[in-house]
Amino acid sequence: MSQNAPQTVDLLIEARWVVPVEPHNMVLEHHAVAVNADRIVAILPIADAQKTYAPRERVELGEHVLIPGLINTHTHNPMILMRGLADDLPLMVWLQQHIWPVEAKVIGPEFVHDGVELSVAEMIRGGTTCANENYFFPDAIGATYHKLGFRAVIALPVIKFPTAWARTQDEYFERAVEVHDNFRHDALVRTAFGPHAPYTVSDESFERIRVLADQLDIPVHLHLHETAHEVEEERHKSGLRPFQRLQKLGLINDRLIAVHMTQLTDDEIATCAEAGVSVVHCPESNLKLASGFSPVEKLRKAGVNVAIGTDGCASNNDLDMFGEMRTAALLAKAVAEDAAAFDAGYALRAATINAAKAIGLDASVGSIEVGKQADLAAVRLSDIETQPLFHIISQLVYAAGRHQVSDVWIAGKRKLAARELVDMDVAGMMARTHAWRERIAALDLA
């Protein structure tokens, strides 16, 4: 065989533009990404790619930008089945008087399976290829993500009161270890500890989590400083702010994925930077629940790793990471009173490589680099809504919408083709969704 014979690969994606995210703000014109099995093997000009590779499948995207699949760094995806159920309410009223009572009536493996399935369909159609999941019945959640071929980190829930998932603190931990073991070698599904929040988790449980997270080498994913009320309540109870309490318990470290963080002092921001804490910004949920404004530009300037998440559909009400990037960038400018704050390039990083770093997957996803998993999304930029086109990354963040996502791959496997979901029973999924709507609407919560 000639030394110059083209090399066989599974897939060659030829795009008008490629935004690899690493290096920062780079835009490659008329480039191709070669994929073999689940990994990226080359990024090179299209003309060179056509000479170098003989692909089993060639995809030509002449009006598109190819980006890393977006990563939703905080979500409660089964809660999509409660989308729009209790809107325009403050956090604790929404949670205690509406969400928790409904969950008590319906939560179980079937509920989480059907909610995750609907969420995966929505996320894929929005260019999202990975979710940092936080909900009950992680065994069923993980199995559903695995079945659908969707990448996820699933939280192992810990909360101080009994639920349908576990009745005692010991049972929460026993089941957590069991679920972790079940997914230890899964190619797509990883685990993290998911203590709900300082106001719903005891010191004893936090201490056990700290030890086990180190032993199992997994992150700790929790809500922290979501509202001023939460901070004040803890201060009256223990004399400490929740952040100080976690610091005392040894949880403020590089395993911590701290979600919301709307109430922060300059000292706490500096401590996050020094300790390697990742902060997940959920701007639309925070706005809708009037929870407060996370000082993300201060966090960014301090060197804290800032990622973006949607939160759950019961409080957002969507899983639109394009919308979330835009809101995050705009809100940060208003909060910082600086039009240059949280620029478009950083917003895209917060939804890709920063998110991957937060969940411990930055060695494998979050950017388009040789050797990484082929988690990719193509965005069509020829639409009226994204013309004229001057700056690709700015257009992605400030003008493009999720409806312009045309094609998606996870680990090299096609999940969306010309806006059509691949290998999903959409009709069955929608029938199950409608059935849940009827069941929840008929509940007697008195």
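Helices (H or I, at least four residues) and strands (E, at least two) are DSSP runs, numbered from the N terminus. This is a predicted model, where local features need pLDDT of at least 70, side-chain atom pairs count only at pLDDT 80 or more, and totals for chains, interfaces and linings use all residues. Residue numbers start from 1 along each chain as its sequence is written, and side-chain values use heavy atoms, with hydrogens and water left out.

**Stop one: the largest pocket**

A pocket is an open set of points on a 1 Å grid over the protein atoms alone, where a 1.4 Å probe fits, with protein on both sides within 12 Å along at least five of seven lines; lining residues have an atom within 4 Å of a point. Select W100, E103, Y135, F136 and H196: of the 29 lining residues, these lie nearest the centre of the largest pocket. The space here is about 490 Å³, a volume being what probe spheres set on the points fill, with points joined across faces, edges and corners.

Next, colour α2 (91–106), β7 (151–158) and β8 (189–195); each supplies at least two lining residues. α2 gives the most, with seven. By type, the lining has 19 nonpolar, seven polar and three charged residues. Nonpolar means Ala, Val, Leu, Ile, Met, Phe, Trp, Tyr, Cys and Pro; charged means Asp, Glu, Lys and Arg; the others, Gly among them, are polar.

**Stop two: the second largest pocket**

Now select R190, D217, I218, P219 and I359. They lie nearest the centre of the second largest pocket, which 18 residues line. Its volume is about 330 Å³. Which element gives the largest share of this lining? Show β8: it supplies three residues. The lining divides into nine nonpolar, three polar and six charged residues.
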